[in-house]
Amino acid sequence: MSVNLSKNASKGHEQMLISQEQETKINEVRKLLGSLSDKASLYCSDASISRYLSSRNWNVQKAAQMLKLSLKWREEYKPEEICWEDIADEAATGKMYRSNYNDKHGRTVLVIRPRNQLNTKTIQGQIKYFVYCMENATLNLPPHQEGMVWLIDFQGLSLSNISFKLARETAHVLQEYYPGRLGLAVMYNAPMIFQPFFKMVKPLLDTKTYNKLKFGYSGDRKTKKMMEDLFDIDNLESAFGGKHDIVFDVNKYAERMKEEDKMMAAFWTRAKTGSSIPQQNIPSLDSIKLNADSNSSGMEKIDCSLVPNPGQNLMSN
């Protein structure tokens with residue numbers, strides 16, 4: 001089952017049009033969910049339920065169960081309440097951060113550098129920071145996009161940066177609690193030592209997630225075209241083949257995130273207005289845009305059919 005996209009001239013961007021069959025399934029999921037809290041109602045937009053349905057191949061029973069577990073996790077873990085002060089130590093090295101540029105389709109971009117993972121040791125803290133980044137990136141998605149982009153820079157990776165337990169927990173959180181939120185993950189300059197680890201991790205990934213992973217290498221023609229199709233090269237970091245030399249400044253990033261924490265809190269405060277508000281009048285996670293600099297353009301066909309090539313110089317940049 002697919003979702004049709006149609007150009008809406010009055011709003012100037014693409015919007016998701018729910019077919020009658022899909023709408024029926026969404027309503028069936030709502031019935032199975034039963035009475036919801038204000039925050040849960042805010043979370044369960046049609047688009048959100050649609051992502052859970054898509055993740056379970058539009059099986060209503062399975063999607064409803066998955067969403068119930070996700071709502072239980074959100075109620076207990078409270079991801080929307082995590083703020084900068086809670087994860088500042090994890091963020092200090094720049095191992096994961098939201099870039100100040102989007103791709104050509106307006107999607108938010110998370111930059112990930114596994115080599116900077118050494119600053120903390122606890123899985124719980126690392127996952128908490130991952131969740132914080134996911135929540136922030138999700139709220140910064142433009143209305144016409146559901147998935148974000150990950151740019152993973154493997155330059156300087158060593159065995160000490162690799163954790164199977166962290167990879168397993170990250171895959172679980174991503175696939176169970178953020179279905180459909182990963183649009184593309186570019187694995188850039190993955191070295192030979194990563195390949196055995198990736199073989200171990202691959203069984204943890206469902207087909208939809210695995211198909212979002214694309215390997216790329218500096219100096220490779222197909223990679224160059226892929227990145228040029230996806231990004232404004234003048235804005236893209238040089239580590240990924242762009243022309244912008246960016247140095248992560250944790251102090252500046254902290255100020256930026258603290259301001260966005262306030263916007264996050266303001267968004268979820270809407271849930272406190274009371275459950276008497278009709279469902280259709282509640283703004284959803286898919287209609288809010290925090291990043292005023294986001295810029296969307298028409299989707300272009302890109303060549304993302306890259307696979308790891310052991311014969312290449314993986315560490316050159």
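Met66, Leu69, Ser70 and Trp73 of helix H4 meet Gln175, Glu176 and Tyr177 of helix H7. By class, this contact is made up of 4 nonpolar, 2 polar and 1 charged residues. The model is a predicted one.

**Helices H4 and H7**
- Helix H4 spans residues 60-77 and helix H7 spans residues 164-177.
- The axes of H4 and H7 cross at roughly 115° and come within 9 Å of each other.

**Helix H11**
- Helix H11 runs over residues 250-269, which is 20 residues.
- From its first C-alpha to its last, H11 reaches 28 Å, close to the 28 Å expected at 1.5 Å a residue.
- The buried residues of H11 are Tyr253, Ala254, Met257, Glu260, Asp261, Met264, Phe267 and Trp268.
- Seen down the helix axis, the buried residues of H11 fall within an arc of 135°, so they line one face of the helix.
- These buried residues pack against several elements: helix H2 (38-43), H4, helix H5 (84-91), strand S3 (96-98) and helix H6 (123-139).
- On the face of H11 turned away from the buried side are the exposed residues Asn251, Lys252 and Lys262.
- At the start of H11, a side-chain oxygen of Asp249 comes to within 3.0 Å of the backbone nitrogen of Asn251.

**Glu90 in helix H5**
- Glu90 belongs to helix H5.
- Glu90 has a relative accessibility of 7% and therefore counts as buried, since buried means under 20%.
- The side chains of Glu90 and Lys95 are joined by a polar contact of 2.5 Å.
- Leaving aside residues up to four places away in sequence, Glu90 touches Lys95, Asn119, Thr120, Thr122, Gly125, Gln126 and Tyr129.

**Two asparagines with positive phi**
- Asn57 is not a glycine, yet it has a positive phi of about 55°.
- Asn57 sits in the loop between helix H3 (46-55) and H4.
- With a relative accessible area of 63%, Asn57 is exposed, because exposed means over 50%.
- Asn189 is likewise not a glycine and has a positive phi of about 60°.
- The loop that holds Asn189 lies between strand S6 (182-188) and helix H8 (194-201).
- Asn189 has 0% relative accessibility and so counts as buried.

Conventions. Residues are numbered from 1 along each chain as its sequence is written. This is a predicted model: local features need pLDDT of at least 70, side-chain atom pairs count only at pLDDT 80 or more; totals for chains, interfaces and linings use all residues. Side-chain values use heavy atoms; hydrogens and water are left out. Axes are lines fitted to C-alpha atoms, for helices over the stretch in contact, and angles run from 0 to 180 degrees between N-to-C directions. Helices (H or I, at least four residues) and strands (E, at least two) are DSSP runs, numbered from the N terminus. Contact means heavy atoms within 4.5 Å. Ala, Val, Leu, Ile, Met, Phe, Trp, Tyr, Cys and Pro count as nonpolar, Asp, Glu, Lys and Arg as charged, and the others, Gly among them, as polar. The expected span of a helix is 1.5 Å times one less than its number of residues. Buried means under 20% relative accessible area, exposed over 50%, partly exposed in between (1.4 Å probe, protein chains only). The arc is that of the directions from the helix axis to the C-beta atoms. A polar contact is a pair of N or O atoms within 3.5 Å; within protein, one must be able to donate a hydrogen and the other to accept it, and residues adjacent in sequence count only if both atoms are side-chain atoms.
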